[in-house]
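Visitor: I would like a close look at a single part of this model, and then a connected account of what lies around and beyond that part. Please take your time over the details.

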Amino acid sequence: MAASSISRLIDDLTADIRSGKLPPGSPLPTHRQLARKNGIAIASASKVYTHLKAIGLVVGETGRGTFVRDRPQQREWDAGDEARQSTHAVDLSFNHPTWPAQGDMLRKMLRELSLSGDLAALLHQQPPGGRAHERRIVADFLAQSRSIQTEADGLFLVNGAQQGLDITTRALLSPGDTVAVDALTYPGFKMVAQTQHLALQPVRSLPDGPDLNALDALCQRKPVRAIYVMPTMHNPLGWVLTTGQRRHLAEIARHYDCLIIEDASYAYLAKSSPPALVTLAPERTIYIASLSKSLASGLRFGFIVAPERYRLPIKATIRASYWSLPSLITAIGTRWIADGTVARQEKRMRQEASKRQAIARQALCGMDIIAHPSSLFLWLRLPSELRMDRIATALAEHNIAVSKATAYSTTRHAPHALRLGLSSVPLEDLRSVLVQVRSIIERFPI
């Protein structure tokens, strides 16, 4: 078969996949069937599928065949940019933890569940916050891996950390309340604050963390109801606060009677870190984390640790909003915690993050970047003469999705910077993608 004919077949299959005519998960013909249907050699059929795999449209599973790949949609926090990005853009805007054995791991778990004694129990509704034995599994995990001691009654299972933030603020804060946040902070919390009409007050950043003297001064000037912090592996700046900084922050919160909302979504990436704030100020700290950043972004399994005085309003808010997680999700999540899968994956992700950071530092050597050596993202400050929106547009035109500083900024004027997520691009492709990013920035007309 002529090369042009093979190219036409590739183009036809590509068009069918990208248009949705062949939706994600669709089985494709075997190599032999594709060859017979199109009058080509089996070797030519293999070339077609090899090309489709290389551009990320299909996935081959040994013994099962070839399937249309379910590619996550790009997540761009900046409104209006979605239209510029194609569905097959290289994703540096969001972290989707993936690895080759993910599908096999899920398949094994589903088989295990199918053979469990009371499978029908997974169709039953759980109590708000989760079943007691599953909450105990998570509590034991936190004690062993994070040195956080909590009883099962003080832990609530939620639909990811984002819902944990939503539940916490709905239950414990009121419209108009002032919340102190870092000058650069997680966009998801900004969204929660906007929908719940909370007043965010930015605290300026120092090279190693928030300016705690500025936080103290803010609390003196006005009543601050809560402080939202990411003390371990801050997103997007990657800092890990020292024990002294954490104690100082806890003292400020106690002195001014502030609630602390501790977001630990990326904390697992720090191999050894100072004590969590929830252990230093347990009477006023809400600790929120999930498995989305370590295991799978689609596994919406998160947890809230709350002191006794906040448990009833949190439970009531869970009951009034979504009642409980699906039993199937909690069964999968807690079984993976109990059998050590999560601990092994967290270790693997730490190693992977270190490799990716090393690649990034080499590819972007000499550029103004801020990152922790084992984080899955970096902060890239642009030269003063370049605007982030124009650079983001130029990258989008080359099918590279990034996040702009405006998504993270809580101040009136955002710095001209980009946040690059490093985990969604295959490891073998990361260097070339970052080199392309560098080239586009350096060649951009001033």
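Visitor: Is asparagine 399 buried, partly exposed or exposed, judged by its relative accessible area?

Guide: Please keep in mind that this is a predicted model. Asparagine 399 has a relative accessible area of 28% and is therefore partly exposed, since buried means under 20% and exposed means over 50%. The residue is found in the loop between H14 and E15, and although asparagine 399 is not a glycine, its phi is positive, at about 60 degrees. Most residues other than glycine have a negative phi.

With a relative accessibility of 31%, tryptophan 323 counts as partly exposed. Another backbone detail is found at proline 236, where the peptide bond from asparagine 235 is cis, with omega near 25 degrees; this proline lies in the loop between strand E9 (226-229) and H9.

Strand E9 leads us to the sheet, an open one of seven strands with mixed pairing, in the order E4-E12-E11-E10-E9-E5-E6. Strand E4 (155-158) and strand E6 (199-203) each have a single partner strand and stand at the edges, so one side of each has no neighbour in the sheet. From one strand to the next, the twist averages 20 degrees. Within this sheet, strand E11 (residues 285-290) and strand E12 (residues 302-305) run antiparallel and are joined by four bridges, and alanine 289 stands opposite phenylalanine 303 in E12. Helix H11 (residues 308-321) packs on the sheet, where it touches E4, strand E10 (259-263), E11 and E12, and its direction makes about 20 degrees with that of E4. Helix H5 (residues 132-146), by contrast, lies across E4, E11 and E12 and runs at about 105 degrees to E4.

Two helix pairs complete the account. The axes of helix H8 (residues 212-221) and helix H9 (residues 243-255) come within 10 Å and cross at roughly 0 degrees, so H8 and H9 are roughly parallel to each other. Their contact is made by Leu212, Asn213, Leu215, Asp216 and Cys219 of H8 with Gln245, His248, Leu249 and Ile252 of H9, and these residues divide into five nonpolar, three polar and one charged.

For helix H2 (residues 31-38) and helix H3 (residues 42-54), the axes come within 8 Å and cross at roughly 110 degrees, which means that H2 is roughly perpendicular to H3. The crossing in which H2 passes H3 is right-handed. On the H2 side, His31, Arg32, Leu34 and Ala35 meet Ile42, Ala45, Ser46, Val48 and Tyr49 in H3, and by class this contact has six nonpolar, two polar and one charged residues.

Definitions and conventions. Residues are numbered from 1 along each chain as its sequence is written. This is a predicted model: local features need pLDDT of at least 70, side-chain atom pairs count only at pLDDT 80 or more; totals for chains, interfaces and linings use all residues. Side-chain values use heavy atoms; hydrogens and water are left out. Two strands pair if DSSP finds at least two bridges between them. Axes are lines fitted to C-alpha atoms, for helices over the stretch in contact, and angles run from 0 to 180 degrees between N-to-C directions. Contact means heavy atoms within 4.5 Å. Angles under 35 degrees count as roughly parallel, over 145 as roughly antiparallel, 65 to 115 as roughly perpendicular and the rest as oblique. A crossing is left-handed if the near helix is turned anticlockwise from the far one by less than a right angle, and right-handed if clockwise. Ala, Val, Leu, Ile, Met, Phe, Trp, Tyr, Cys and Pro count as nonpolar, Asp, Glu, Lys and Arg as charged, and the others, Gly among them, as polar. Buried means under 20% relative accessible area, exposed over 50%, partly exposed in between (1.4 Å probe, protein chains only).
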